[in-house]
Amino acid sequence: MTAPLIDLGVHHKAGGLSDKVALGFTKVLRWCADTFFAQRYGHRAVVLETVAAVPGMVGATINHLACLRRMCDDKGWIKTLMDEAENERMHLMTFIEISKPTWFERTVIIGVQWVFYLFFFGLYLVSAKTAHRVVGYFEEEAVISYTHYLAEIDEGRSANVPAPAIAKHYWGLPQNATLRDVVLVVRADEAHHRDVNHGFANELAGLPVGPVAHCPPHAELVPNWKKAA
């Protein structure tokens with residue numbers, strides 16, 4: 001499986017107060033990540049993918065409850081957001097195998113997750129458009145970070161270790177796949193999430209929805225009750 005080509009230059013220009021708040025918040029978090037992790041991209045990925053897996057689940061939960069109250073169709077938003085959360089979780093499980101986070105980093109993950117979950121849940125209730133724009137900007141930064149990670153690998157500063165078995169199964173990578181192959185498909189996933197969330201924000205704002213980057217094919221994660229059926 002080869003990662004699909006993506007547009008690395010996509011950036012949504014902040015057009016109003018909501019967008020500017022979302023972009024400013026994202027830049028602050030980017031500065032924190034750069035300061036804390038510097039060039040340790042594998043460890044950065046572990047912590048940031050833990051955060052990245054939160055918005056999809058929050059958005060799916062709130063949209064699910066809203067559809068129940070209003071007795072209306074979700075237009076495919078719930079499944080899309082659940083798939084996003086699952087995909088980000090698989091990114092995390094992959095980079096855990098590669099980076100082996102320390103106990104300190106695991107403690108940081110717990111604290112950051114709780115703070116971000118509560119913040120994002122409140123933000124989504126107040127303004128779903130701003131929340132999706134935040135995620136769109138998050139994913140723009142993720143694409144940039146993984147592009148830098150690829151450069152680190154290509155220039156020999158990060159070892160191009162064999163891809164973990166979980167990554168080879170999930171993305172259908174060949175048996176001789178390496179970390180570079182993993183980063184390429186993860187970056188493509190993030191570009192897809194970037195465009196989907198900017199599209200959701202545009203839809204809520206009554207703006208045109210742009211094209212969406214292709215998502216690499218993934219193995220279906222079958223729940224236990226289906227396996228037993």
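Contact here means heavy atoms within 4.5 Å. The structure is a predicted model, in which local features need pLDDT of at least 70 and side-chain atom pairs count only at pLDDT 80 or more, while totals for chains, interfaces and linings use all residues. Residues are numbered from 1 along each chain as its sequence is written, and side-chain values use heavy atoms, with hydrogens and water left out.

Not counting residues up to four places away in sequence, Arg133 touches His12, Asp19, Ala22, His198, Ala201, Asn202 and Leu207. Arg133 counts as buried because its relative accessibility is 1%, where buried means under 20% relative accessible area, exposed over 50% and partly exposed in between (1.4 Å probe, protein chains only). With one of its neighbours, His12, Arg133 makes a side-chain polar contact of 3.4 Å. A polar contact is a pair of N or O atoms within 3.5 Å; within protein, one must be able to donate a hydrogen and the other to accept it, and residues adjacent in sequence count only if both atoms are side-chain atoms.

His11 is found in the segment before α1. At 46% relative accessibility, His11 is partly exposed. Its contacts, leaving aside residues up to four places away in sequence, are Leu23, Tyr137 and Glu140. His11 and Asp195 are 184 residues apart along the chain, and 9.6 Å separates their C-alpha atoms.

Helix α5 also packs against α3. The two helices meet at an angle of about 30°, with their axes 15 Å apart; axes are lines fitted to C-alpha atoms, for helices over the stretch in contact, and angles run from 0 to 180 degrees between N-to-C directions. α3 is therefore roughly parallel to α5, a term for angles under 35 degrees. On the α3 side the contact is made by Trp77, Leu81, Glu84, Glu88, Phe95 and Ile98, and on the α5 side by His132, Val135, Glu139, Tyr146 and Tyr149.

Charged pairs come next. Side chains of opposite charge can pair when their charged atoms come close. The structure holds eight salt bridges, each defined as a side-chain nitrogen of Lys or Arg within 4 Å of a carboxyl oxygen of Asp or Glu. One of them joins Lys27 and Glu141, whose closest N and O atoms are 2.9 Å apart. This pair links distant parts of the chain, since Lys27 is in helix α1 (residues 17–37) and Glu141 in helix α5 (residues 128–154), 114 residues apart. Lys27 is partly exposed at 44%, whereas Glu141 is buried at 11% relative accessible area.

Asp83 is partly exposed, with a relative accessible area of 35%, and Lys79 is exposed at 55%.

A salt bridge also connects Glu155 with Arg157, the closest N and O atoms being 2.5 Å apart. Through salt bridges that share partners, Glu152, Glu155 and Arg157 form one network. Arg157 is exposed, at 51% relative accessible area.

Technical notes: Helix = DSSP H or I, 4+ residues; strand = E, 2+ residues; numbered from the N terminus. Parallel < 35°, antiparallel > 145°, perpendicular 65-115°, else oblique.
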